[in-house]
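Q: I am new to this structure and would like to learn how to read it. Can we go through it feature by feature?

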Amino acid sequence: MTERDGAENGLGLRSPCEPANRHTDVQPIVYSCMDLTAATWTDVRDLETDLAVVPVGSTEQHGPHAPLGTDVLTAEAVADAGIERADREVVRAPAIPVGIAAEHRQFPGTMWVSEDTFRDYVGEAVESLAYHGFDRVVIVNGHGGNVDALREIGGRLTRAGDAYVVPFTWFEAVGEHSGDMGHGGPLETALLRHCEPELVREDRIETARADAADGWGDWMSHVNLAYDSAEFAENGVVGDPADGDAQRGETLLELAADSLARLLETVAERDVSRPDHR
């Protein structure tokens with residue numbers, strides 16, 4: 001994120017993964033994690049792993065205080081921290097920054113694609129990884145609107161035998177904190193304050209909380225009557241961002257990253273052969 005672990009490469013990019021051996025004049029670099037953005041094709045060719053991580057988010061409103069890229073930034077932060085904790089080689093793919101977010105269309109800057117386009121794009125991106133042998137893939141998600149589509153992508157590719165694909169949504173993996181997930185609320189604000197503090201407009205926190213909605217949607221008879229967030233959230237915020245300080249963000253990152261690391265180990269070792277027809 002703001003200070004990613006790793007060395008500068010020739011393009012001025014910083015890898016979130018530290019090479020285990022820097023002595024390139026003696027032997028090839030051995031990576032515990034490889035960021036495809038910073039790697040060369042020959043680096044990738046020499047890898048001996050089949051495990052990859054794809055961060056996925058959204059570019060959408062998160063109130064007056066948090067950046068449009070919140071869902072991408074948080075997904076990347078959790079992905080990088082989880083990979084760092086995993087005791088094996090992992091390929092880290094570039095993040096996918098636009099998701100299913102038409103429900104925020106009334107707020108300027110929000111971008112979205114249709115569910116079909118999203119499923120096709122993410123699915124084909126994962127298939128390209130599988131083509132190179134990275135056929136165990138964890139999709140690290142930072143946006144609630146992507147959840148159902150990602151589960152469908154995982155099931156379709158896994159059943160087809162193209163790859164074993166598992167979606168992981170970070171805010172579902174933070175224990176009791178998950179119940180406080182809103183939108184631009186305490187959890188996302190906390191994680192941003194920890195990982196990207198310069199992007200949080202602290203002078204707008206009071207305005208954000210004053211006009212925030214208490215919960216997501218407009219409900220009657222167990223049915224959400226609202227399709228767009230502007231119907232129930234005047235400034236796009238759900239929950240109180242003041243309840244998310246940097247210390248809480250550090251806790252959230254630790255919880256999500258530990259959970260992701262355990263998942264990566266499980267996915268790497270799991271028997272992914274499909275059950276016989278009964």
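Q: How many aromatic pairs does the structure hold?
A: The model is predicted, and the structure holds two aromatic pairs. One of them joins Trp170 and Phe171 in an edge-to-face arrangement, with 5.6 Å from centre to centre and 85° between the planes.

Q: Are Trp170 and Phe171 buried or exposed?
A: Both Trp170 and Phe171 are buried.

Q: Which residues form the other pair, and how are their rings set?
A: Trp216 and Phe232 form an aromatic pair that is also edge-to-face, at 5.0 Å centre to centre and with 70° between the planes. Planes over 60 degrees apart count as edge-to-face.

Q: Where in the chain do Trp216 and Phe232 lie?
A: The pair links distant parts of the chain, its members being 16 residues apart. Trp216 sits in the loop between α6 (205-210) and β6 (219-220), while Phe232 sits in the loop between β7 (223-224) and α7.

Q: Why does Phe232 count as buried?
A: Buried means under 20% relative accessible area, and partly exposed lies between that and exposed, which is over 50%. Phe232 is buried because its relative accessible area is 17%. Trp216 has a relative accessible area of 35%, so Trp216 is partly exposed.

Q: What does the secondary structure of the protein come to?
A: The protein has seven helices and seven strands. Read from the N terminus on, its elements run β-α-β-α-β-α-β-α-β-α-α-β-β-α.

Q: How much of the protein do buried residues make up?
A: Of the 278 residues in the protein, 50% are buried.

Q: What is the phi of Ser221, and where is Ser221 found?
A: Ser221 has a positive phi of about 55° although it is not a glycine. Its place is the loop between β6 and β7. Ser221 counts as exposed because its relative accessibility is 58%, and exposed means over 50%.

Q: What is the phi of His222?
A: His222, which is not a glycine, has a positive phi of about 65°. His222 lies in the loop between β6 and β7. With 80% relative accessibility, His222 counts as exposed.

Q: Which residues form a positive surface patch?
A: A patch groups like charges, joined within 9 Å. Arg151, Arg159, Arg270 and Arg274 form a positive surface patch. Within it, Arg274 is placed in the segment after α7 (246-269). Arg274 is partly exposed, at 45% relative accessible area.

Q: Which residues form a negative surface patch?
A: Asp120, Glu124, Glu127 and Asp162 form a negative surface patch. Among them, Glu127 lies in helix α3, residues 115-131.

How values were computed
Residues are numbered from 1 along each chain as its sequence is written. This is a predicted model: local features need pLDDT of at least 70, side-chain atom pairs count only at pLDDT 80 or more; totals for chains, interfaces and linings use all residues. Side-chain values use heavy atoms; hydrogens and water are left out. Patches are made of residues with over 30% relative accessible area and no salt bridge: like charges are joined within 9 Å, nonpolar side chains (Val, Leu, Ile, Met, Phe, Trp, Tyr) within 5 Å. Accessible areas come from the Shrake-Rupley method with a 1.4 Å probe; for residues, only the protein chains shown count as cover. A salt bridge is a side-chain nitrogen of Lys or Arg within 4 Å of a carboxyl oxygen of Asp or Glu. Lys and Arg count as positive and Asp and Glu as negative; His and the chain ends are not counted. The place of a charge is taken as NZ of Lys, CZ of Arg, CG of Asp or CD of Glu. Helices (H or I, at least four residues) and strands (E, at least two) are DSSP runs, numbered from the N terminus. Buried means under 20% relative accessible area, exposed over 50%, partly exposed in between (1.4 Å probe, protein chains only). Rings of Phe, Tyr and Trp (its six-membered ring) pair if their centres lie within 6.5 Å; planes under 30 degrees apart count as stacked, over 60 as edge-to-face and the rest as tilted.
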